Amino acid sequence: MVDEEILHLLKDHSPGFLSGEEISRRLKVTRAAIWKRVKHLRASGYEIEASTRTGYRLIRSPDLLTPFEVKPLLRTKWMGRKIHYFHSVDSTNSMAYQLALQGAEEGEIVVAESQKKGRGRLGRKWFSPPSSNLYLSVILRPDVPPQQASLLTLMAAVATAGAIHKLSGLRPMIKWPNDILLKNRKVAGLLNEIHSETDRIHFVILGIGVNLNMDEKMLSKEIRSLATSLKREMGQSVSRKAFLQTLLEELEIWYETFLKDGAPPILKAWRDRAQIHGRPAKVISFGEVLSGTAIDVDNDGALILETTEGERKRVVAGDVQYQLKKAVT
Ligand code: BTN
């Protein structure tokens, strides 16, 4: 807390200096204690000039996702107004789930600089190195039947793709069910979890992982050819704070659209970004391999596939690989 108070004072006086004596008077702590906190802030990435004559001056703030750094940037009405920030956490989704069980409200978010047990879809791991990507979980409490929960996954995919587009100018593609790709490589993934009874949702956790500034060499050989980051595709680092701000705005807009107008606008935006109609596809679902042509996504998010045998199948979970279209000669 003292760290934040020191930062507030230095920010208010930036680009000028504030004497150690003045800070110690205002915060009612010793000058030695302030020096200790300043050293700690420097270790977290704050560039603070210190001079025995003039005091302290904030020169540059790091790209951290702390409430102190993120809150002044927020333009949302309610989304992300309460931030639970962690330097490191097992999984932001697990943490958000616990907080929601304890009564956390709609729009509260969990962010972490790194995850020790980041979780992906279908029991996979999500690679979560420190301070380079975004690991976000949003708590929602929609008053809709549980059958509509998968629409929230589509909604979150549309919002995430929208934020990537706005911030980078690049056109991400959504790959069923909810991978976000840039140039055919995965840049973001979603893991949404629901707590409900048969006819009522208690809460939904939207878990969103976006590879922002991760370098290719940080990736294991197995995923190197499958994954990418915004930095790699743009050729420059992105501000994680600015990305979080944009993503929260998109999520607020699209979630309010869903509550007001229901499925149609979400499905339309999802279809525009996914472009699946008529694509030859191979789907692996619960160990079964299905080949055919992707037709559409159903109102509940299921993939409709016309198999090579001419049968229409609804696939509710799995992985899809799009095949190249055969050239017509
Ligand atoms: C996938 O594509 O397999 C989904 C990946 C989801 C990763 C995010 S990172 C934030 C949140 N916390 C987790 O443990 N997982 C999700």
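A pocket here is an open set of grid points, computed over the protein atoms alone, with protein on both sides within 12 Å along at least five of seven lines. The model itself is predicted. By that definition, the largest pocket holds about 1000 Å³ of space. It is lined by 38 residues, and R124, W126, D179, K186 and L226 are the closest to its centre. The most come from β8, with five residues. By class, the lining of the largest pocket splits into 16 nonpolar, 12 polar and 10 charged residues.

The ligand sits in this largest pocket. Its shell counts 20 residues, with S91, Q115, R119, R121 and K186 the closest. Four elements supply at least two shell residues each: α5 (92-101), β5 (134-140), β8 (185-197) and β9 (200-210). β8 gives the most to the shell, with four residues. The shell is made up of six nonpolar, 10 polar and four charged residues.

An N or O atom in the side chain of K186 is 2.5 Å from an oxygen atom of the ligand. A polar side-chain atom of Q115 lies 3.0 Å from a ligand nitrogen. The side chain of T92 also places an N or O atom 3.0 Å from a nitrogen atom of the ligand. How much of the ligand's accessible area does the protein cover? On its own the ligand has 420 Å² of accessible area, and the protein covers 99% of it.

Next, the second largest pocket. About 440 Å³ of space lies in it. Its lining has 21 residues, and S150, T153, P177, N178 and V316 are the closest to its centre. α6 (149-168) and β8 each supply at least two of the lining residues. β8 provides the largest share, five residues. The classes here are 12 nonpolar, six polar and three charged.

A search of the whole structure finds one cavity of 30 Å³ or more. The largest cavity holds about 30 Å³. M214, D215, E216, L219, A227, T228, S229 and R232 line it. Three of these lining residues are nonpolar, two are polar and three are charged.

Note on methods: Residues numbered from 1 in each chain as written. Predicted model: local features only at pLDDT ≥ 70, side-chain atom pairs only at ≥ 80, totals over all residues. Heavy atoms only, no water. Near = heavy atom within 4 Å. Polar contact = N/O pair within 3.5 Å; in protein donor to acceptor, adjacent residues only side chain to side chain. Areas by Shrake-Rupley, 256 points an atom, 1.4 Å probe, with all protein chains shown as cover. 1 Å grid on protein atoms, 1.4 Å probe; cavity = no way out; pocket = protein on both sides within 12 Å on 5 of 7 lines; lining within 4 Å. Sits in = over half its atoms within 2 Å of the grid points. Nonpolar A, V, L, I, M, F, W, Y, C, P; charged D, E, K, R; others polar. Points joined across faces, edges and corners; volume = space filled by probe spheres on them.
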